[in-house]
Amino acid sequence: MTQILKHSFEAVSLLTTNNGMLDVTIVPAVNQPDWIIPSSLILSVDDSQQQVSRYDWQQQDLAVFHLLLQDQAPEKMIVLEGNTTDHRFALQTAGDLRQLQARISEVKDVETPEQFSTTNGKDREEYFDKNDVSSYLYQTVMIDDEIYLVPDLDKIAYHLVDLDG
């Protein structure tokens with residue numbers, strides 16, 4: 001098995017390509033704020049009616065991260081680009097995706113709501129638990145009085161790959 005070297009992902013390049021405007025997609029999530037993801041990271045959005053842990057996309061077997069309850073019927077599978085093709089993964093969710101274009105100046109960092117801000121004393125850099133929002137939370141932001149979660153997609157991808165590994 002080859003060791004996958006982790007490198008730092010430069011997300012700023014995804015955000016400043018259009019004169020200070022953000023092209024983002026709002027992804028519905030259960031028991032946490034909806035996710036906000038740069039639209040350019042989304043490779044595919046497919047219909048999905050059954051919860052699965054793996055997803056076959058263009059002959060690539062992808063790990064799946066769920067944004068819904070275990071007994072909730074999914075509707076969408078969202079394939080996200082990773083740092084490498086090995087680090088692509090899919091999000092499974094229910095509900096409609098929304099496209100949003102906002103000025104960077106309109107995106108305000110906000111305090112993480114208390115129910116999502118604790119890692120129970122664990123080292124945030126290493127700790128990852130798909131059931132603990134704070135372990136993959138990068139930042140919470142507000143746009144037009146709505147709070148969104150900015151996920152640490154890099155951390156999620158690496159943990160999903162390591163688990164498969």
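User: Before we get to pockets, what counts as a pocket here?

Analyst: This is a predicted model, and the search runs on a 1 Å grid over the protein atoms alone. A point has to have protein on both sides within 12 Å along at least five of seven lines. A set of such points that is open, unlike a cavity, where a 1.4 Å probe fits but cannot get out, is a pocket.

User: What volume does the second largest pocket have?

Analyst: Rolling a probe the size of a water molecule over the atoms shows where empty space is left. For the second largest pocket, that comes to a volume of about 600 Å³.

User: Which element gives the most to the lining of that second largest pocket?

Analyst: The lining has 23 residues, and those closest to the pocket centre are Phe 65, His 66, Leu 68, Lys 130 and Asn 131. Two elements give two or more residues to it, β5 and α2. With four residues, the one that gives the most is β5.

User: By class, how many residues of the lining of the second largest pocket are charged?

Analyst: The nonpolar class has twelve residues in this lining, and the polar class has seven. The number of charged residues is four.

User: Which element gives the largest share of the largest nonpolar core?

Analyst: That core has 24 residues, and Trp 35, Ile 37, Phe 65, Leu 80, Phe 89, Leu 91 and Ile 156 have the most contacts inside it. The elements that give two or more residues are β2 (35-38), β5 (60-66), β6 (76-80), β7 (89-93) and α2 (153-164). The largest share, four residues, comes from α2.

User: How many residues are in the second, separate core?

Analyst: Its members include Leu 22, Val 24, Ile 36 and Tyr 148. The count for this second core is eight.

User: Is Ala 63 buried or exposed?

Analyst: Ala 63 lies in strand β5. Its C-alpha atom is 8.0 Å from that of Arg 88, 25 residues apart along the chain. The relative accessible area of Ala 63 is 9%, and the cut-off is under 20%, so Ala 63 is buried.

User: What about Asp 34: which backbone nitrogen lies 3.0 Å from a polar atom of its side chain?

Analyst: Asp 34 sits in the loop between β1 (21-27) and β2, and is partly exposed at 24% relative accessible area. It touches Ile 26, Val 27, Pro 28, Ala 29, Tyr 148 and Leu 149, not counting residues up to four places away in sequence. Its C-alpha is also 7.7 Å from that of Ile 147, 113 residues apart in sequence. The backbone nitrogen at 3.0 Å belongs to Ala 29.

User: And which side chain does Asp 132 join in a polar contact of 2.7 Å?

Analyst: Asp 132 is in the loop between β9 (108-110) and β10 (137-143). With 12% relative accessibility, Asp 132 counts as buried. The partner side chain at 2.7 Å is that of Ser 134.

Note on methods:
Residues are numbered from 1 along each chain as its sequence is written. This is a predicted model: local features need pLDDT of at least 70, side-chain atom pairs count only at pLDDT 80 or more; totals for chains, interfaces and linings use all residues. Side-chain values use heavy atoms; hydrogens and water are left out. A nonpolar core is a set of buried Ala, Val, Leu, Ile, Met, Phe, Trp, Tyr and Cys residues joined through side-chain atoms within 4.5 Å. Buried means under 20% relative accessible area, exposed over 50%, partly exposed in between (1.4 Å probe, protein chains only). Contact means heavy atoms within 4.5 Å. A polar contact is a pair of N or O atoms within 3.5 Å; within protein, one must be able to donate a hydrogen and the other to accept it, and residues adjacent in sequence count only if both atoms are side-chain atoms. On a 1 Å grid over the protein atoms alone, a cavity is a set of points where a 1.4 Å probe fits but cannot get out, and a pocket is an open set with protein on both sides within 12 Å along at least five of seven lines; lining residues have an atom within 4 Å of a point. Grid points are joined across faces, edges and corners, and a volume is the space filled by probe spheres set on the points. Ala, Val, Leu, Ile, Met, Phe, Trp, Tyr, Cys and Pro count as nonpolar, Asp, Glu, Lys and Arg as charged, and the others, Gly among them, as polar.
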